[in-house]
Amino acid sequence: MSISDRFAVALHILAVLEINRMKVNTSESIAASVNTNPVIIRKITGMLKQAGLVKSRPGVAGTELAADLSTISLLDVYKAVHVVQEKELFSIHANPNPNCLVGRNIQDTIGSLFTVAQLALEKVLASLTMEDVVSGIIERENSRTDSEALDCRSIRPDEVHREKISE
């Protein structure tokens, strides 16, 4: 089992909004880049909007960033899309055998270890920003040869195979 891919998709959405900031970014055009259904993009964009990371206007096509990239931490995005509840990154099986030495002690033992691990993850995410993500994308793109480069903005949404993003 892995962390919800809403986090990766949210990072993707924010990167598209920055890289294509001079264009109108609709859920359809973003969905073409993510390779998913626009409904998924609207759902995640709604979460980002509620967290104050993006803005849009009713009746007007397009979404844009609500803050500078350097001020949006990956932890902000992680929390915005409800990847996990507070201190619940790792789950612990509910009913170990209390008559077993391991069973009666495992939850308390690993629970505190899991808390430390989650706090470490969140500390790292807090130290990274969307500026780091976008810089990495641009750096990788600039290192490609011309034959490898493909501009996702040239792909029409109806040409893209869409995968379902897990909820």
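Phe 114 is partly exposed in this predicted model, with a relative accessible area of 25%.

The chain as a whole contains six helices and two strands. Read from the N terminus, the order of these elements is α-α-α-β-β-α-α-α. Of the 167 residues in the chain, 33% are buried. The accessible surface amounts to about 10700 Å², and carbon and sulfur atoms account for 54% of this area. Among contacts between residues at least 6 apart in sequence, 69% join residues at least 24 apart.

Two aromatic pairs were counted in the chain. In one of them, the ring centres of Phe 7 and Tyr 78 are 5.5 Å apart and the ring planes stand at 85°, so the pair is edge-to-face. Phe 7 belongs to helix 1 (residues 6–19) and Tyr 78 to helix 4 (residues 74–80); with 71 residues separating them, the pair links distant parts of the chain. Phe 7 has a relative accessibility of 15% and counts as buried because the value is under 20%. Tyr 78 is buried as well, at 3% relative accessible area.

For Phe 90 and Phe 114, the ring centres lie 4.7 Å apart with the planes at 35°, and this pair is therefore tilted.

Definitions and conventions: Residues numbered from 1 in each chain as written. Predicted model: local features only at pLDDT ≥ 70, side-chain atom pairs only at ≥ 80, totals over all residues. Heavy atoms only, no water. Helix = DSSP H or I, 4+ residues; strand = E, 2+ residues; numbered from the N terminus. Buried < 20%, exposed > 50% of the residue type's maximum accessible area, 1.4 Å probe, protein only. Contact = heavy atoms within 4.5 Å. Areas by Shrake-Rupley, 256 points an atom, 1.4 Å probe, with all protein chains shown as cover. Phe/Tyr/Trp six-rings, centres within 6.5 Å; stacked < 30°, edge-to-face > 60°.
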